[in-house]
Amino acid sequence: MEKRDLSSGNSGRLRRAGWALLTVVGLFGAVEASIRLVSGPPPLPSGVARSQVLRLVEVEGRWVAKRGVDGRLRSFPEDVGGPRVAVLGGSSVMQDPIDGTQNFPVALQRALPEVQVLNLGTPGASSTGLALLARELSVLELDAVVVYSGHNDFGNLLMGGELDTSARWQIRAQQLLAGSWVHAGLRRLVVHDPVASPHLSTREDRLVFTQSEQAQVEQGLATERLIGNLRVLAQDGGVPVLWVPPISNLHHAPQGLRSGEPDCQALAQSMPRRRPDRGDQRARELAQVCGADTALGHWLQAHAALDRRDQTQALSHFEASLALDPTPLRMPVSARAAELALAAELGQSAVDLWAEQPIWPATDFVDTLHFSSAGAQRVAELIAPELRALLSLPGEPQEPQR
């Protein structure tokens with residue numbers, strides 16, 4: 001008798017929950033339909049899930065790019081015929097110049113004057129933001145996109161205080177809801193995008209000096225999310241993609257050690273953050289206290305190999321250093337390989353910058369991952385021939401102006 005009563009109670013709760021859900025959906029649909037009768041469909045887009053992501057909005061009859069955080073607008077030129085290419089990525093793409101008036105899309109525009117190059121780089125944007133943007137790219141009438149994305153998927157493990165955990169179903173749901181007036185209104189009422197100042201924490205959940213395998217687990221999960229998001233971007237963009245996995249400045253030291261020993265941490269913190277002098281001596285010191293098989297240990301051994309002019313060993317140690325870094329502000333080698341594998345699977349073009357030039361000069365960067373003017377020029381020179389082939393441009397490639 002008690003079992004029948006319990007079953008009856010559960011059934012009643014399920015019915016009430018079902019009716020409540022139907023009521024909410026009905027109200028949502030009725031309000032949405034009513035607004036559309038008066039105002040028509042909402043502008044594209046009505047909102048996005050991430051604060052640090054680019055949005056395309058229409059201003060006075062033309063499309064401009066707007067950052068979610070600071071409201072910065074960037075206008076794009078009118079389509080004057082000929083190919084139009086958008087470059088997607090984070091601050092390494094947009095990069096308000098530090099030492100000049102160029103980033104690599106600007107240098108790419110000079111190398112391919114017959115192509116309109118649109119810079120859609122957005123500081124802080126991860127692959128989630130690019131996947132959300134993909135369906136909106138059609139308004140720009142593009143012929144191809146260049147994707148230079150990956151650093152922020154790993155840097156966001158530390159910077160801004162949150163992990164980027166958007167799954168593909170969340171991206172699809174957000175894209176579906178982006179066409180709703182009701183959803184846009186609710187977001188304006190209840191969502192306040194935080195603007196967190198970048199910082200490094202020594203807490204284990206920020207993966208600095210962690211004594212567990214958490215760092216490697218999180219790197220693996222971040223790689224899976226990156227590839228899933230890039231696959232959505234390729235599916236929704238509707239134009240050919242040229243994949244360019246990001247490259248790092250390996251003359252900058254990794255951010256931490258996988259060790260909790262105080263003496264080891266103290267030694268690591270005394271190590272130079274840029275290319276060290278006496279690399280062999282530093283590596284021996286680290287090996288005695290911490291063991292050489294650490295992110296910083298491999299980094300020091302890489303520079304010792306460079307001093308011996310052994311580029312193969314140097315590159316091997318650099319890659320091991322990135323793989324072991326428990327505070328990844330840069331895209332690890334495994335993620336680069338996964339992105340290149342995705343391009344091959346999709347039958348799309350890719351430029352492997354490390355294969356073209358394994359060890360880049362320190363002068364090509366201004367920090368761990370942002371380019372100097374010289375680095376921007378070098379990236380453009382490597383991308384331009386592949387983009388010319390992708391667009392089937394006639395004639396011989398022009399020599400880029402310096």
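**Terms and their grounds**

Modeller: Just after H15, Ser 392 takes a positive phi of about 55 degrees. Please bear in mind throughout that this is a predicted model.

Biologist: What makes the span of helix H15 close to the expected one?

Modeller: Helix H15 covers residues 373-390, which is 18 residues.

Biologist: Where in H15 does a kink lie?

Modeller: The kink is at Ile 383, shortly before the proline Pro 385, and amounts to about 30 degrees. That figure is the angle between axes fitted to the seven residues ending at a residue and the seven starting there.

Biologist: Which residues of H15 are buried, and what covers them?

Modeller: Among the buried residues are Ser 373, Gly 375, Gln 377, Ile 383 and Arg 388. Their cover includes strand S4 (84-89), helix H3 (104-111), strand S6 (144-148) and strand S7 (241-243). Across the protein chain of 402 residues, buried residues make up 49%.

Biologist: Why is the pair Cys 264 and Cys 290 called a disulfide?

Modeller: The sulfur atoms of Cys 264 and Cys 290 lie 2.0 Å apart. The cut-off is 2.5 Å, so the pair qualifies as a disulfide. Cys 264 belongs to helix H9 (residues 262-270), whereas Cys 290 sits in the loop between helix H10 (279-289) and helix H11 (295-307); the pair is 26 residues apart and links distant parts of the chain. With 125 degrees about the S-S bond, the link is right-handed. By this rule the count comes to 1 disulfide.

Biologist: Why does Cys 264 count as buried?

Modeller: Its relative accessibility is 1%.

Biologist: Which residues touch the most other members of the largest nonpolar core?

Modeller: They are Phe 104, Leu 108, Leu 296 and Phe 371, in a core of 50 residues. H15 supplies the largest share of this core, with 6 residues. A second, separate core has 26 residues, including Val 147, Ile 227, Leu 233 and Ala 234.

Biologist: With which residues is Phe 371 in contact, leaving aside neighbours within four places in sequence?

Modeller: Its contacts include Phe 104, Tyr 148, Ile 247 and Trp 360, and also Ala 376 and Val 379. Both Ala 376 and Val 379 are buried residues of H15.

Conventions: Residues numbered from 1 in each chain as written. Predicted model: local features only at pLDDT ≥ 70, side-chain atom pairs only at ≥ 80, totals over all residues. Heavy atoms only, no water. Helix = DSSP H or I, 4+ residues; strand = E, 2+ residues; numbered from the N terminus. Expected span 1.5 Å × (residues − 1). Buried < 20%, exposed > 50% of the residue type's maximum accessible area, 1.4 Å probe, protein only. Contact = heavy atoms within 4.5 Å. Core = buried A, V, L, I, M, F, W, Y, C linked by side-chain atoms within 4.5 Å.
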